[in-house]
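Me: I would like to work through a protein model step by step. Please show it to me first.

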Amino acid sequence: MKKRVLRLTAVFLIAFVLISGIDILSVHAETPYRTYTVDGYGYVQETQTAYLAHATITKFGDKFLDTPSDLYVTENGEIYVADTGNGRIIVGDLEGNLIKVIGEGTLISPKGVFVTEENNHVYVADRDAAAVFEFDENGQVVNQYTKPNSPLYGDNLDFLPIKVVVNEAGVMYIVCESNTNGIVEISPTDGGTFLGYFGTNFADQSIQTIIYRAILTDAQRAKMASNIPSTPDNLAIDKKGLIYTVTRGDKSKTLKRLNIAGKNLIDPDSYDPIPAAVTAGNHDNVYVASQQGYIYEYNNDGDLLYVFGGLDDGTQRVGLSTLVTSIQVDQEDKIYILDSDKCQIQVYEPSEFTNLLHRALYLYSKGRYTESKEPLTEVLKMNSMFDYANQAMGRAYFQEENYDMALRYARLAKDYEGYSDAYWEIRNQWLKKNIVEALLVILAVYIVIRVVKFLDRKKQILAKPKAFWENCKQKKVVSNLLYAKYFMKHPIDGSYGIAREGRASWAAPSILLLIFTIEYIVNKYLCGFLWKNVREGRYDILSDIGVVVIVMAAVTACNYLVCTINEGEGTVKKIYTYFCYSLTPYIMLTPVAFVLTHVLTDNEAFLVTLVQLLMIGWLVVLLILSIKEVNNYTGKETFKIIALTLFTILIMALLIFIIYVLWAQVFEFINSIFGEVVYRLGY
């Protein structure tokens, strides 16, 4: 079905509010950033502040950090930091108190840290030591896992672990630097058993690359850049055992949620091109931190809830970062961002708005739909246009079988799937109540038509209307309008009439063009919700009319120029006529498609698509045959003329654009001179 628009990377315009610098261990301040969300149309919208810059941690006790690479926050609030520059793991609390230090003298360059909640064992990925260390709760080394002794791993591949997570069974998932085969999966049995590669990224195979590799020689292909899959940059694991990964440059697959089979279960509607870290939230949500300090929160389906934060410009403002390497969330939904460049941890706490939304998320995920409506109502009081809240409210009403309210909220949220489901149920209820009456009305209409025809044959009750209609048909404009229907059914004979029998005119084609324009505008703005591609309440009718008129004028002029040069027999009037007559299938079938958009759901969307394809195909056939017959071309010449016409239109558009740009510059120059003169004269 139709989903949300777009979805390329959203461009977020972050405005920062200047606040004082930070010199102490932990400070509190107002947010120096704005919070954004993406609405149902795919547009970026500012919303309430989702998270407040709560504190900044620069040291634990008297231990300062040196280029830290990773952190992990346990359920009891302890913070484990991979202090890479000092070759150790520092353990502290939110207040900056030092609890203990792990791995001093053992670790060389710890890049990743993970802590199991069951036995509080600490796993450390040490790149320079080429090993993953397992420490117990006392900081003693329990195990050390080095390069797997398996031919499946790859004899020529180094083992350079940089990130690690562990599931409940003790199986380790390790991201190794420059290993493009995927995440290394190692079981703790027998001192470390290599289970294989997990969640391998796919290489980007563009059509251009495929064509190049097909036509180039072996020597030329060898000089091309290698097309190999990207290595994940970071990973996380949730309580269900699902693995989350982020990969720079992987476009829409930047964020993945992988099940046990390695299948991706999430398709985010927005993404950051340079993600640095990922973590799972407490409400089936997920957080991604970009390298530049932007923090994204998604729901379980990959819909973007918020994006906030940003890049520090050197003013050392709380809440802004310079080089993010890790993100964590504690049991109270506080977010911890590790800034390697600043050697500090930024802490964000959720606002009331976010707490309400998280409560609704939790209740909804547990199937407690009626209860979820209470916090959702409060969220909508704060921001009635927050699309995700409207969507969740609509889904909650749907589960309660209140389909009218579900339809209303789905429309507010631009939730096409929810709207389709609710409308399906409403339509079924209407049919159950009114099917008999509807059939009786159809039968009555049929009987009336049959009776009128019978009486007309016996009494000629329609004699006067028929005579009036026959009189109207004798008028040239009406006759030419009716000829469009004949042209649509018999394009070859119809084209002959335009070329040889005087059917070319200005009035009738212009009326058809006017009808086409009206239908185009009505269908664009008033079609069924599931097929609408414009924002609610946004109308640009004058621009639509201008586009139709300009396109028709350009097509007619360019086709006339090309046909004249290539000995075509069509005049401007004839060419304009057959172009307008070729719009007849659109004029005839658009009302059918328009009605269908108001009565069908996504399950029957193929019917609307079928009508639209028939309309377009029919129109194209009429255009091709009319160009051929009116200008007396062969088939080969016809396609040549069409190609030249399209090329001429392109050149004309380019010239108009160049003239527009030059005129704008001239106008700006004249305006600046006038302003300077006024300034010099002292006005």
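Predicted model: local features only at pLDDT ≥ 70, side-chain atom pairs only at ≥ 80, totals over all residues.

Me: Which residues line the largest cavity?

Reply: A probe the size of a water molecule, rolled over the atoms, shows where empty space is left. The structure holds one cavity of 30 Å³ or more. Its lining is made up of Thr-254, Leu-255, Tyr-271, Asp-272, Val-288, Tyr-296 and Tyr-298.

Me: Are helices α8 and α9 roughly parallel or roughly perpendicular?

Reply: Two packed helices are described by the angle between their axes and the distance between the axes. Helix α8 covers residues 463-473 and helix α9 covers residues 476-489. Their axes come within 6 Å and cross at roughly 90°. Angles of 65 to 115 degrees count as roughly perpendicular, so α8 and α9 are roughly perpendicular.

Me: Which residues of α9 meet α8?

Reply: From α8, the contact uses Trp-469, Cys-472 and Lys-473. The residues of this contact divide into four nonpolar, one polar and one charged. On the α9 side, the partners are Val-478, Ser-479 and Leu-482.

Me: Is Ala-130 buried, partly exposed or exposed?

Reply: Ala-130 sits in the loop between β11 (122-126) and β12 (131-135). Its phi is near 50°, a positive value in a residue other than glycine. Buried means under 20% relative accessible area, and exposed means over 50%. Ala-130 has 27%, so it is partly exposed.

Me: What about Asp-333: buried or exposed?

Reply: Asp-333 also has a positive phi, about 70°, although it is not a glycine. Its loop runs between β25 (324-329) and β26 (335-339). The relative accessibility of Asp-333 is 7%, so it counts as buried.

Me: Where is Glu-134, and is it buried or exposed?

Reply: Glu-134 belongs to strand β12. The cut-off for buried is under 20%. At 6% relative accessibility, Glu-134 is therefore buried.

Me: What separates the C-alpha atoms of Glu-134 and Tyr-123?

Reply: Leave aside the neighbours of Glu-134 within four places in sequence. Its contacts then include His-121, Val-122, Tyr-123, Gln-140 and Tyr-145. Glu-134 and Tyr-123 are 11 residues apart along the chain. Their C-alpha atoms are separated by 4.5 Å.

How values were computed: Residues numbered from 1 in each chain as written. Heavy atoms only, no water. 1 Å grid on protein atoms, 1.4 Å probe; cavity = no way out; pocket = protein on both sides within 12 Å on 5 of 7 lines; lining within 4 Å. Points joined across faces, edges and corners; volume = space filled by probe spheres on them. Axes fitted to C-alpha atoms, helices over the stretch in contact; angles between N-to-C directions. Helix = DSSP H or I, 4+ residues; strand = E, 2+ residues; numbered from the N terminus. Parallel < 35°, antiparallel > 145°, perpendicular 65-115°, else oblique. Contact = heavy atoms within 4.5 Å. Nonpolar A, V, L, I, M, F, W, Y, C, P; charged D, E, K, R; others polar. Buried < 20%, exposed > 50% of the residue type's maximum accessible area, 1.4 Å probe, protein only.
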